[in-house]
Amino acid sequence: MKRMRWLLVAVVAGLLALSGCSTPGGNIAATVNGAPITVTQLDTTVAAVARENAAVLTMSIRGAMARVIAAENGVEINGQGRIAALAANTQISGYAKFLDDPQARSFAEDAADLSLVLNKVGADAFLARAKQIPVQLNPRYGSWSVDQLTVATSGGQLSQPWVNPSAPA
């Protein structure tokens, strides 16, 4: 009986150790489909574009999602396509100025990629697929809203564990 308890304790300890390895560290702001968005990238972009963390991180996540969906659907993303996408969308056309700034370039590219892919695959197809892409958000930035595809800043705490939200039923 004693041997069985020790075996159970060893198994539980091993599982706890392994589960700790499956969550990103404190230097990761988020992961999208397993690809990290680092805190350094986020902080650099926030400073360059003078926007809040949540807005920049939301755009970074959406841009990463757009690139996943583009790859799956054979949508080519390149410099000319990005420039055209920024020019064609009046809501983001002002972001074109960030393409020349190495610190802010990723923000403009994320916005352009999102616009480009949305136009190619359609909003319904994009949203349906985007809700299936795994996103993990560092709790200090809030939580990821699968329904809204946005960072929800309420309740962000360092004491909360990393979670991978499940897609809505």
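Strand 1, residues 28–32, and strand 2 pair in the antiparallel sense over four bridges; two strands count as paired if DSSP finds at least two bridges between them. Strands are DSSP runs of E, at least two residues, and helices are runs of H or I, at least four, numbered from the N terminus. Within this pair, valine 32 stands opposite alanine 35 of strand 2.

This is a predicted model, where local features need pLDDT of at least 70, side-chain atom pairs count only at pLDDT 80 or more, and totals for chains, interfaces and linings use all residues. Residues are numbered from 1 along each chain as its sequence is written, and side-chain values use heavy atoms, with hydrogens and water left out.

On to the helices. Axes are lines fitted to C-alpha atoms, for helices over the stretch in contact, and angles run from 0 to 180 degrees between N-to-C directions. Contact means heavy atoms within 4.5 Å.

Last, helix 5 (105–121) and helix 6 (123–130): their axes come within 6 Å and cross at roughly 115°. That makes helix 5 roughly perpendicular to helix 6, a term covering 65 to 115 degrees. Helix 5 contributes Leu114, Val117, Leu118 and Val121 to the contact, and helix 6 contributes Ala123, Ala125 and Phe126.

Key. Parallel < 35°, antiparallel > 145°, perpendicular 65-115°, else oblique.
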